[in-house]
Each structure stands twice: as C-alpha cells, then as structure tokens.
Amino acid sequence: MGEREIVIVLRWRHIVGICVGAVLLGVLAFYLRGYFSPRFEVSVGEGVFKPGSVVRFSGVLRSGFSPIGNMPVAVEVRDPSGNVVWVDQVVTGGDGSFGVVFRLRSDAVRGVYTVYVSCRVVKTKFTFRVE
C-alpha cells in the first residue's frame, strides 16, 4: 500500500475562532472553579459596635450549591493592635450554617476589629468597627 497524505487547511477565521473559544473556556473554568470551591458566606448584624455590646454574626459553609455540614469552624477576633480578644470553635449544622455571639469588653479598644473564620478546607476574614 502506498502512503497517504492528509492536508488540513486552516484559514485565519478558523484560527481566530479556536483562540477565542479557548479563551472563553479558560475564563469560564476560572470562574466556575471559584464558585464550586468551598467558601464561607458570613454576615454581621451591624457593622459598628460600642464597647460592652454584643457582637453577633452568622455564616454558611458551602461548596457550590451544597452546604458542608458537621464541620468544625475556628473563630478568632483580633483588636486593632492585633491582640486576640476572643476565640471559639463552633460546628456547622446539617445545612452548613453556624452562628457566633460574644460580648465586647466594656473597655474595648476603639477601631477596626478583624474576625478570622477557618476550617480544614477554607478560611476567610472580615472586619467590624468599635466606636
């Protein structure tokens, strides 16, 4: 048998279409990867607190549309100087939710406090003010 030669002809429009398609798939994969990665969704009742007041916040741990239940969550609160003012560990419910409540000291330093929330699969931080 003789050898056969296969010729593929690509025109510029084909090359441009392939490149645009590859870029769009890359962008889509980047955003979907972030969405389906485990993440905390945390909300604070108020953004500004007074010394001695009760701070409440809640959150949900999810991966995509699915909650991650029965996961230990570490919570650490630091004052504006970086000193730890409160530490706790909670466990997410079956629906991935958790809640935290603590009281600021009556002599709490005024400024921006940082809350670190973490578990074995993800971590995040957010802030609130004491005035």
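This is a predicted model: local features need pLDDT of at least 70, side-chain atom pairs count only at pLDDT 80 or more; totals for chains, interfaces and linings use all residues.

Modeller: A residue is called buried when its relative accessible area is under 20%, exposed when it is over 50%, and partly exposed in between. Arg-78, with a relative accessible area of 28%, is therefore partly exposed, and Glu-76 falls into that class as well, at 24% relative accessibility. The side chains of these two residues, Glu-76 and Arg-78, meet in a salt bridge with an N to O distance of 2.7 Å.

The model has five salt bridges in its count. One of them joins the side chains of Glu-41 and Arg-62, at 3.1 Å from N to O; since Glu-41 belongs to strand E1 and Arg-62 to strand E3, the pair ties together parts that are 21 residues apart in sequence. Glu-41 has a relative accessibility of 34% and so counts as partly exposed, as does Arg-62 at 23%. Both residues also belong to a network of salt bridges, in which they are linked with Arg-39. A further salt bridge brings together the side chains of Arg-105 and Asp-107, at 2.9 Å from N to O, and here Arg-105 is exposed, because its relative accessible area is 61%.

Turning to the rings, the structure holds five aromatic pairs. In one of these, Phe-40 and Phe-98 have ring centres 5.8 Å apart and planes at 80 degrees, which makes the pair edge-to-face. It links distant parts of the chain, with Phe-40 in strand E1 (residues 38–44) and Phe-98 in strand E7 (residues 97–103), 58 residues apart. Phe-40 counts as buried at 11% relative accessibility, and Phe-98 is buried too, with a relative accessible area of 6%. Trp-86 counts as buried at 18% relative accessibility, and Phe-102 is buried with a relative accessible area of 5%. Ring pairs also link Phe-49, Tyr-113 and Phe-128 into a cluster.

Leaving aside neighbours within four places in sequence, the contacts of Phe-57 include Val-42, Val-44, Val-75, Val-100, Phe-102, Val-115, Val-117 and Phe-126. In soluble globular proteins, nonpolar side chains tend to be buried together.

Nonpolar side chains are found on the surface as well, where Ile-6, Ile-8, Leu-10, Trp-12, Ile-15, Val-16, Ile-18, Val-20 and Leu-24 form a patch with about 1000 Å² of accessible area together. Val-20, one of its members, lies in helix H1 (residues 12–36) and counts as partly exposed, because its relative accessibility is 45%.

How values were computed. Residues are numbered from 1 along each chain as its sequence is written. Side-chain values use heavy atoms; hydrogens and water are left out. Rings of Phe, Tyr and Trp (its six-membered ring) pair if their centres lie within 6.5 Å; planes under 30 degrees apart count as stacked, over 60 as edge-to-face and the rest as tilted. Helices (H or I, at least four residues) and strands (E, at least two) are DSSP runs, numbered from the N terminus. Buried means under 20% relative accessible area, exposed over 50%, partly exposed in between (1.4 Å probe, protein chains only). Contact means heavy atoms within 4.5 Å. Patches are made of residues with over 30% relative accessible area and no salt bridge: like charges are joined within 9 Å, nonpolar side chains (Val, Leu, Ile, Met, Phe, Trp, Tyr) within 5 Å. Accessible areas come from the Shrake-Rupley method with a 1.4 Å probe; for residues, only the protein chains shown count as cover. A salt bridge is a side-chain nitrogen of Lys or Arg within 4 Å of a carboxyl oxygen of Asp or Glu.
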